[in-house]
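Hi there,

Here is the structure I promised to pass on, with my notes below it.

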Amino acid sequence: MKLHLNDPVHQAVEWLSERDEEKIEVVNDQGEIVSKLSKEEVQLILKNESMSHTLGDMLHGQSASDPNQYKDILQSPFFNDIINSLYDGVFITNGDGITVLINRSYERITDLKAEQLIGLHMSEIIEADYISKSASLQVIKEKRPVTLMQQISNGRNIIVSGTPIFSKNQEILYVVNSVRDITELLQLKHDMEDLQELKNLRQSSKEAYSKSDSSPFYTSEKMKSIMTLIKRAAKTDAKVLLHGETGVGKTMIAKQIHELSNRADQNFLELNCGALPSSLIEAELFGYEPGAFTGALKKGKKGLLEVADHGTLFLDEIGDLPLDLQVKLLKVIEDQAFYPVGSSTLKHIHVRLIAASHKDLKKLVASGDFREDLYYRLNVVPLHIPPLRERRKEIIPLARLFAEEFSGTYEIERTLHVDVLELLYDYDWPGNIRELKNLIEQLVVLAPDKEITRDLLPEELLPTGQQRMSDLDDIVPLKAAVENIEREMITKALKKYKTTRKAAEALEVSQSTIVQKMKKWEK
């Protein structure tokens, strides 16, 4: 027996109570079965329904599980106005994974139009490369809410949260997906990481040697002459090539040129071309795209050329730059543009280049180890930085400066005894300023007392003259021996009497003799 929608509810109750059948079929005017009701369902509904109501009234209360009812809702203008007012995207499929509705925000986020998608199965949308994967298909498969990240054909990244709507029989009728664009969020995250990296690079550049023209570094006559050339070169964007032994202060000079230029407020970055293998130098210099090589960062990395844009890039030990990278660097100099590793996008920059080397680049050009065209491009303003032994006037002021700096670093007060300063002055310093700084740090750390005395100095710093004179088997030129004794006696007299006039009186020579000899020793 079948009951009609217009039959009263009590008739269904009576019919079910008189028979052993588990369910009763309810039909519409066309004789179509619209529902099957069990005894339990009828009893549950009767708790909230009157016995005088019809079966149609009763079933109307169950319309939330009726696919046709959902279809009417999805097609209603009122519902469309609601979802189109949302900022987040909405994407709805039926229980089979076929697209039935999207809102305007989804179109805005993905650049995909409704007419492109509605009616397509999610697998077809994936095959068309519109999206990378489907939340709806995963919801239908697992019958539970799912959240995942999608990549859209326009390159954007979105978060999709799919929620199933079940029928009373626990069948999925529809999947409603909420879509949020996280491209800006990811970009903001990357920008913040880049900003922190740039901040770290700027801090590192500030910590590099930076000396004003009034510092001990520019005390000698030779360095004063170089400072004059630096000031002229700094006013232009001309490329500067620094040459000198290791440790003479080429980084200081490069930083000084930057600080005196109109780029002083921009970045100063340094790359030591001899400290990294060829592949890493290229990545550091030009940067790379995500996945450009094994071990590359997922988000890629900006190269020093790009980070130093509108600033200064200092390429130390340029003579160690591999030939294949010399070609690329030459192209950068000529075009002020480059391609990051793994990228086909040309990046334009405006960077000033300063290069330095302790090697003789002319000899490298002659041997074929350095490109001649690159050499002439870099050698617009050549500057030779003399070794510290030719700038002895700077040794004592620099030693005192380093002692003060390291005393602050290690929070211990240390000063240099005058005898130590004299021995530092007489030493030739083959490692130049770097060796001097290293020794002062060692003395500050190891000195047991406030004053650093000569007994802490390494043997090689013992005065050469005293060593030779104390060795009876060793003969030195008479002129050198006399000069050593003169220097020792004049130094002692100045230490005792403080002025050249009184020292000259004690030594029974003229004051001008004392002054002339001191000038000679300072050269």
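In strand 17, Val240 has Val381 as its bridge partner. This is a predicted model, where local features need pLDDT of at least 70 and side-chain atom pairs count only at pLDDT 80 or more, while totals for chains, interfaces and linings use all residues. Residues are numbered from 1 along each chain as its sequence is written, and side-chain values use heavy atoms, with hydrogens and water left out.

Strand 9 (residues 240-243) runs parallel to strand 17 (residues 381-384), and four bridges join them. Strand 9 also pairs with strand 16 (residues 352-357), again in the parallel sense and over four bridges; there, Val240 stands opposite Ile354. Strands here are DSSP runs of E with at least two residues, helices are runs of H or I with at least four, and both are numbered from the N terminus. Two strands pair if DSSP finds at least two bridges between them.

**An open sheet with a helix across it**

Five strands make an open antiparallel sheet in the order 5-4-8-7-6. Strand 5 (99-102) and strand 6 (146-151) are its edges, each pairing on one side only. On average, neighbouring strands are turned by 25° against each other, direction ignored. Strand 4 (residues 89-94) and strand 8 (residues 172-181) share six bridges, and Val90 has Ser178 as its partner in strand 8.

Helix 9 (residues 135-142) lies across strands 4, 6, 7 (157-166) and 8, at about 140° to strand 8. Axes are lines fitted to C-alpha atoms, for helices over the stretch in contact (heavy atoms within 4.5 Å), and angles run from 0 to 180 degrees between N-to-C directions.

**A helix pair**

How do helix 11 and helix 12 cross, and at what angle? The axes of helix 11 (residues 221-234) and helix 12 (residues 250-260) come within 9 Å and cross at roughly 45°. Met223, Met227, Ile230, Lys231 and Ala234 in helix 11 meet Ile253, Gln256, Ile257 and Leu260 in helix 12.

**Two positive phi values**

Glu411 is not a glycine, yet has a positive phi of about 55°. Glu411 sits in the loop between helix 18 (395-410) and strand 18 (415-416) and is exposed, at 71% relative accessibility. Asn432, in helix 20 (residues 432-446), has a positive phi near 60° but is buried, at 0%. Buried means under 20% relative accessible area and exposed over 50% (1.4 Å probe, protein chains only).

Best wishes
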